[in-house]
Amino acid sequence: MGLHSSAMVACQRITSAMCYICKKSGYHVLNHLDDFVGVAPQAQAWRAYHFLGGLLFQLGLRELTTKATAPFTVVTCV
């Protein structure tokens, strides 16, 4: 059971496709609807962060810079 609207399904599919592209490029990204969480070794975190931002730009998707968070060593997901 759950809420299944076409807009939510479309959004999840787009972000899932982006996670697939990231995975094929060597970056691990989790998604839920329109949110992403990247997981990378500390030495690779900034490279992965910029890769996802560049991917959003290349695909013509707008990134809310107010929601974007720089890499952290500890992330809490609620």
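Helix α1 (residues 6-24) packs against α2 at an angle of about 130°, and their axes lie 11 Å apart. The model is a predicted one, in which local features need pLDDT of at least 70 and side-chain atom pairs count only at pLDDT 80 or more, whereas totals for chains, interfaces and linings use all residues. Residues are numbered from 1 along each chain as its sequence is written, and side-chain values use heavy atoms, with hydrogens and water left out.

**Exercise 1.** Classify the packing of α1 and α2, and state which residues make the contact.

Solution. Helices here are DSSP runs of H or I with at least four residues, and strands are runs of E with at least two, numbered from the N terminus. The axes are lines fitted to C-alpha atoms, for helices over the stretch in contact, and the angle runs from 0 to 180 degrees between N-to-C directions. Angles under 35 degrees count as roughly parallel, over 145 as roughly antiparallel, 65 to 115 as roughly perpendicular and the rest as oblique, and α1 is therefore oblique to α2. On the side of α1 the contact (heavy atoms within 4.5 Å) is made by M18, I21 and C22, and on the side of α2 by F51, L52, L55 and L56.

**Exercise 2.** Decide how many disulfides the model holds, and examine C11 and C19.

Solution. A disulfide is taken as a pair of cysteine sulfur atoms within 2.5 Å, and by this rule the count is zero. C11 is in no disulfide, since the nearest cysteine sulfur, that of C19, is 11 Å away. For C19 the closest cysteine sulfur is in C22 at 6.2 Å, which is too far for a bond. On the accessibility scale, buried means under 20% relative accessible area, exposed over 50% and partly exposed in between, with a 1.4 Å probe and protein chains only. C11, at 26%, is therefore partly exposed, while C19, at 10%, is buried.
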